[in-house]
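Here are my notes for someone opening this one up for the first time. Have a look at the picture, then work through the points below.

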Amino acid sequence: MKRIGLSAITIVGLFLLYAMLHLHPVGEPNSSPMDDYFILNAQEETGANNVVSAIVFDYRGYDTLGEASILFTTVMCITLLFGRGLRI
Amino acid sequence: MRPMSILVQELLRLLVPFTIVFGLYLISHSHLSPGGGFQGGAVIASLFALMAVVYGRDHTTALLQTKWLPWIENVGLLMYVGLLLIASTTLLFPRLVAFQIARYGLEYGYTHGHLFTAGPIPFLNLAIAFEVVAGLSMVVFLMARSKVVMEK
């Protein structure tokens with residue numbers, strides 16, 4: 001059981017290291033046609049004035065679902081660690 | 001945690017309604033001004049943490065009825081998933097009532113600045129706000145227990 005956990009952590013760690021070595025330099029894609037598309041078309045297509053909210057909740061809504069799931073899982077793990085039964 | 005002095009308690013009591021209204025403003029006007037569900041939820045959750053510091057942790061949990069907090073968090077995430085599934089079917093059902101109501105401002109000639117012009121975005125923000133408030137408050141209240149040790 002300990003060996004399974006250790007190997008899993010090693011594999012995930014190596015994967016993250018590989019991903020980190022292949023990141024772009026900071027600020028490298030300076031501007032792309034996607035940015036202009038967002039600025040020009042977000043208000044008509046989504047009806048929202050706030051382009052950031054339109055991107056987070058409309059164009060990239062599934063990523064926000066992943067974010068909400070991560071928050072939920074974190075709170076659940078902390079409840080398991082610190083809670084007594086299910087009481088707060 | 002032990003409560004702080006009566007002066008601090010009364011001053012916080014002045015601040016609580018305004019901070020909650022500000023948090024609700026950030027949540028509900030997510031598509032019109034800088035804000036959103038995450039930001040407004042963090043404001044209200046930090047207010048609950050401040051109440052836990054000032055009034056004492058046990059008094060605050062009795063006041064806020066924290067046994068409902070896990071349920072509110074679940075409802076928030078489920079509401080977000082449900083709204084996302086409903087919004088995905090909008091191409092199949094273009095006259096879905098809920099989002100037509102939320103967009104009726106556009107048909108009546110309101111320009112983009114009215115509250116009811118953005119479709120499902122305010123409701124998604126509300127669901128996220130439920131989850132953030134309940135989740136962050138739960139973490140604070142779980143970690144803030146204390147025990148009084150009487151020394152001889």
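1. A word on angles before we start: axes are lines fitted to C-alpha atoms, for helices over the stretch in contact, and angles run from 0 to 180 degrees between N-to-C directions. Under 35 degrees counts as roughly parallel, over 145 as roughly antiparallel, 65 to 115 as roughly perpendicular, and the rest as oblique. Helices (H or I, at least four residues) and strands (E, at least two) are DSSP runs, numbered from the N terminus.

2. Housekeeping next. This is a predicted model, where local features need pLDDT of at least 70 and side-chain atom pairs count only at pLDDT 80 or more, while totals for chains, interfaces and linings use all residues. Residues are numbered from 1 along each chain as written, chains are lettered from A and ligands numbered from 1 in the order written, and side-chain values use heavy atoms, with hydrogens and water left out.

3. Start inside chain A. Helix α2 (residues 33–46) and helix α3 (residues 51–59) of chain A pack with axes 10 Å apart, at an angle of about 70°. That makes α2(A) roughly perpendicular to α3(A). On the α2(A) side, the residues in contact (heavy atoms within 4.5 Å) include A:Tyr37 and A:Phe38, and among their partners in α3(A) are A:Val51 and A:Ile55. By class, this contact has seven nonpolar, two polar and two charged residues. Here Ala, Val, Leu, Ile, Met, Phe, Trp, Tyr, Cys and Pro count as nonpolar, Asp, Glu, Lys and Arg as charged, and the others, Gly among them, as polar.

4. Now follow α3(A) across to chain B. Its axis and that of α7(B) come within 10 Å and cross at roughly 80°. The two helices are therefore roughly perpendicular to each other. A:Ala54, A:Phe57 and A:Asp58 meet B:Ile121, B:Leu124, B:Asn125 and B:Ile128 there.

5. How much area is buried between chain B and chain A? About 2,800 Å², with carbon and sulfur atoms giving 66%; buried area is the accessible area (1.4 Å probe) that two parts lose on being put together, summed over both. In that interface, 35 residues of chain B touch 29 of chain A.
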